[in-house]
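Open the model in a viewer and keep the sequence panel beside it. The stops below are given in the order in which to select them.

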Amino acid sequence: LTKVVNQLLQFAKPSSEVKANVRIGDVINSTLVVLNHEAKQNNIIAHCQIPNDLPSIATDEGALKEVFFNLLHNAIQAMPGGGKINIHARYQAGKQMIEVTISDTGPGIPQESAHKIFEPFYTTKQTGTGLGLSIVKKKLEDMDATIHVESNGNGASFVINFPLNEPVLTPTW
């Protein structure tokens with residue numbers, strides 16, 4: 001009950017608006033460090049392809065960590081018998097955005113469920129609250145980012161597009 005209430009409060013809480021210049025690769029790598037033990041226990045290998053020269057984005061780093069934690073943790077939970085997580089990021093200069101794709105080799109998401117997974121309280125897990133992906137979507141909307149899912153029965157891919165906005169100016173004194 002405490003977990004559900006805390007997640008509900010997190011979902012309803014307005015964003016903190018504490019923005020800083022954040023490198024997406026650094027946030028993903030630090031999140032993978034936190035989840036490394038659970039991934040190894042489940043025989044899951046994570047493979048990252050994130051260029052070092054990606055532009056920074058001006059956003060709330062804590063919210064971004066929570067987004068990646070939820071997505072990566074869901075991927076781990078989707079593959080109890082082992083598998084792979086692939087994380088790709090690329091800069092799209094023409095669109096002025098960074099695209100991040102997190103894919104897993106799990107069972108995928110049934111087509112009839114794909115449009116519901118971002119709704120609050122929708123879950124297919126025995127112990128899930130159904131708030132994780134709705135929190136992810138809300139936090140990304142607060143960042144003016146978008147997310148969608150692709151699944152064909154051979155895993156699932158979450159594709160996030162982060163717009164490049166003006167960098168946060170830091171004082172030089």
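**Before selecting anything**

This is a predicted model, in which local features need pLDDT of at least 70 and side-chain atom pairs count only at pLDDT 80 or more, while totals for chains, interfaces and linings use all residues. Residues are numbered from 1 along each chain as its sequence is written, and side-chain values use heavy atoms, with hydrogens and water left out.

**Whole chain**

Colour by secondary structure. The chain has 5 helices and 7 strands; helices (H or I, at least four residues) and strands (E, at least two) are DSSP runs, numbered from the N terminus. Along the sequence they follow the pattern α-β-α-β-β-α-β-β-α-α-β-β. Of the 173 residues, 40% count as buried (buried means under 20% relative accessible area, exposed over 50%, partly exposed in between, with a 1.4 Å probe and protein chains only). Among contacts between residues at least 6 apart in sequence, 72% join residues at least 24 apart; contact means heavy atoms within 4.5 Å.

**Helix 2 against helix 3**

Select residues 24–41 (helix 2) and 61–77 (helix 3), whose axes come within 9 Å and cross at roughly 40°. Axes are lines fitted to C-alpha atoms, for helices over the stretch in contact, and angles run from 0 to 180 degrees between N-to-C directions. The angle makes helix 2 oblique to helix 3 (under 35 degrees counts as roughly parallel, over 145 as roughly antiparallel, 65 to 115 as roughly perpendicular and the rest as oblique). The crossing of helix 2 and helix 3 is right-handed; a crossing is right-handed if the near helix is turned clockwise from the far one by less than a right angle, and left-handed if anticlockwise.

Show the side chains in this contact. Helix 2 contributes residues including Ile24, Val27, Ile28, Leu35 and Glu38, and helix 3 contributes residues including Leu64, Lys65, Phe68, Phe69 and Leu72. The contact residues divide into 12 nonpolar, 4 polar and 3 charged (Ala, Val, Leu, Ile, Met, Phe, Trp, Tyr, Cys and Pro count as nonpolar, Asp, Glu, Lys and Arg as charged, and the others, Gly among them, as polar).

**Helix 3 against helix 5**

Ala63, Glu66, Val67, Asn70, Leu71 and Asn74 of helix 3 meet Gly132, Leu133, Ile135, Val136, Lys139 and Leu140 of helix 5. By class, the residues of this contact are 7 nonpolar, 3 polar and 2 charged. In helix 5, the buried residues include Gly132, Leu133, Ser134 and Ile135. Just after helix 5, Asp144 takes a positive phi of about 65°.

Move to residues 146–151 and 156–163, strands 6 and 7, which run antiparallel and are joined by 6 bridges. Two strands pair if DSSP finds at least two bridges between them. His148 has Val159 in strand 7 as its bridge partner. The two strands form a hairpin with 4 residues between them, and Gly153 in the turn has a positive phi of about 90°.

Which residues does Phe162 contact, leaving aside its neighbours within four places in sequence? Select Phe162 in strand 7. Its contacts include Ile24, Leu64, Phe68, Leu140 and Met143. Phe162 is buried, at 1% relative accessibility. Its C-alpha atom is separated by 10.0 Å from that of Ala58, 104 residues away along the chain.

Next take Thr59 in strand 3 (residues 57–59), which counts as buried at 2% relative accessibility. Beyond four places in sequence, Thr59 touches Val18, Lys19, Ala20, Val22, Leu64 and Met143.

Then select Thr101 in strand 5 (residues 97–104), also buried, with a relative accessible area of 15%.

**Two loop residues**

Most residues other than glycine have a negative phi. Asn43 has a positive phi, near 55°, and lies in the loop between helix 2 and strand 2 (44–49). Asn43 is exposed, with a relative accessible area of 54%.

Finish at Gln96, in the loop between strand 4 (83–92) and strand 5. Its phi is positive, about 50°, and Gln96 is partly exposed at 41% relative accessible area.
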